[in-house]
Amino acid sequence: MTDVHGTVEPGFESVREVFAGIAANEARDGGAQLAVHHRGRLVVDLWGGDGVDGDSLLGLYSSSKGVMALIAALLVQDGVLDLDREVASWWPEFAAEGKERITLRQLLAHRAGLIGADGGLSAEELADDRLIAARLAGQRPFWEPDTGHGYHALVIGALVGEVVLRATGRTVQELYEERVRAPYALDYHLGLPEELEPRFRTALPVRPTPAEQAFLSENPIAPDSFMAIAFNLHADPPFDDVGYGNSRAVRVQAPLSGGGVGTARGLSRMYAAIAGELDGRPPLLTPGTLAEFARIHSEGTDLVTGSENAFGLGFVPLATRHPSLGPTAIGHSGAPGSQAFADPSTGLAYSYTRRRFGFLAGPGAPENDRLIPAVVEAAKSV
């Protein structure tokens, strides 16, 4: 059985037991981390599996969309951004191909229909938000904007990031560093400093079971489908998810759709700054801002993935998948199966990371369905 390391505060021993079972099974050959803050205190700090300790920096993929959403929310809260203003009012080139009426709200809710580029994006473009934005400014939407929603998997960060840059003259990465990461000393980075490279652990590819491999073989992704376009599988060569997260260019330039690097401890601490007071500071978001960004703006069948899901504004409203959480619980998952969120109703902030990709684990690996209820129940007892 894989050893579990780290600490839990009294009352959270049951969480350690659940994590121990996970470390011995799903994450046994890649390693995993779990960190939980409760009312601003780190109450769970665990890790286990091969090649990972509590300080290992992992590529957390779409977790960076949560940072993008946080910075957008802060700017809305400041009155710098207006959710119902047209994107093209900040970014005139964006108006091409019938996109002049798309609002920032529609963009954040994955309703713009701008899920990728004809012919695909190159690896160089995918590592650089400004290059993605330049390509997509002239791109036609793949469906009539605001008539449905679909996951803008690899481009939403670049699109929102360009709005922020045009409105403020600063990148999301710069604003995150100044307003969030540095003040709270977060071990989650948008742009990994070279001196931290020795702590980075490469992502590992999924190891499907025979049944899972058969499912993939029997359900190929059509090259002209929205799924292929959104995940850049129609490009030549097609998108390599593991290679993307392991790319030094991605770690340095930190594209906002998936380029963040950090520990579970660092990402949980970021969400703790949303869930309640942290280090004597009030929550980053006011109740009104939080409620608006947590409110479901898109719900039903996703035009890209074909699954039933929901989006708030940039964030994913977690109570739709995890009913033990409160109605304003917000966060985002990452492709290997990671999950992170803030739940202001309970004062909980949570981050689970894993090094090896799980099977179809992008919305959050199944082990989160066991860990999250255990965390919520433990928090009730203390």
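**Note on the predicted model**

1. Asn232 is buried, its relative accessible area being 2%. Here buried means under 20% relative accessible area, exposed means over 50%, and partly exposed lies in between (1.4 Å probe, protein chains only). Asn232 sits in the loop between α10 and α11, and its phi is positive, at about 60°, although Asn232 is not a glycine. The loop between α10 (226-230) and α11 also holds Pro237, and a cis peptide bond with omega of about 5° joins Asp236 to Pro237.

2. Residues are numbered from 1 along each chain as its sequence is written, and side-chain values use heavy atoms, with hydrogens and water left out. Helices (H or I, at least four residues) and strands (E, at least two) are DSSP runs numbered from the N terminus.

3. His110 also has a positive phi, near 60°, in a residue other than glycine. His110 lies in the loop between α4 and α5 (123-126). With a relative accessible area of 1%, His110 counts as buried.

4. The largest pocket has a volume of about 1,700 Å³. Of its 47 lining residues, Phe231, Leu360, Ala361, Gly362 and Pro363 are the closest to the centre. The elements giving two or more residues to this lining are α9 (210-218), α11 (241-246), β9 (308-311), β10 (316-317) and β11 (330-333); β9 gives the most, with 4 residues. On a 1 Å grid over the protein atoms alone, a pocket is an open set of points with protein on both sides within 12 Å along at least five of seven lines, a cavity is a set where a 1.4 Å probe fits but cannot get out, and lining residues have an atom within 4 Å of a point. Grid points are joined across faces, edges and corners, and a volume is the space filled by probe spheres set on the points.

5. By class, the lining of the largest pocket comprises 27 nonpolar, 14 polar and 6 charged residues. Ala, Val, Leu, Ile, Met, Phe, Trp, Tyr, Cys and Pro count as nonpolar, Asp, Glu, Lys and Arg as charged, and the others, Gly among them, as polar.

6. The count of cavities of 30 Å³ or more comes to 1, and the largest cavity has a volume of about 30 Å³. Its lining consists of Gly59, Leu60, Tyr61, Gly245, Val250, Arg251, Gly258, Gly259, Gly260 and Val261. These divide into 4 nonpolar, 5 polar and 1 charged.

7. The whole structure contains 24 salt bridges, each being a side-chain nitrogen of Lys or Arg within 4 Å of a carboxyl oxygen of Asp or Glu. One of them pairs Arg265 with Asp45 at 3.1 Å, N to O. This pair links distant parts of the chain, with Arg265 in helix α13 (residues 264-275) and Asp45 in strand β3 (residues 41-48), 220 residues apart. Arg265 is partly exposed at 23% relative accessibility, whereas Asp45 is buried at 13%.

8. Arg105 takes part in two further pairs to inspect. With Asp84, the closest N and O atoms are 2.7 Å apart; with Glu292, they are 2.5 Å apart. Arg105 in helix α4 and Glu292 in helix α14 (residues 287-294) are 187 residues apart in the chain. Arg105 is buried at 18%, while Asp84, at 44%, is partly exposed, and Glu292, at 24%, is also partly exposed. Salt bridges with shared partners join Asp84, Arg105, Glu292 and Arg295 into one network.

9. In helix α1 (residues 13-23), the buried residues are Val15, Phe19, Ala20, Ile22 and Ala23. They lie on the same side of α1 because they cover an arc of only 160° around the axis, the arc being that of the directions from the helix axis to the C-beta atoms. An α-helix has 3.6 residues a turn, so residues three or four places apart point the same way. The buried residues of α1 pack against β1 (4-8), β2 (32-38), β3, β13 (348-354) and α15 (368-380).

10. Glu277, in the loop between α13 and α14, is exposed at 57% relative accessibility. Not counting residues up to four places away in sequence, Glu277 touches Arg39, Gly40, Pro282 and Pro283, where contact means heavy atoms within 4.5 Å. Glu277 and Ser225 are 52 residues apart in sequence and 45 Å apart in space, C-alpha to C-alpha.

Key. Predicted model: local features only at pLDDT ≥ 70, side-chain atom pairs only at ≥ 80, totals over all residues.
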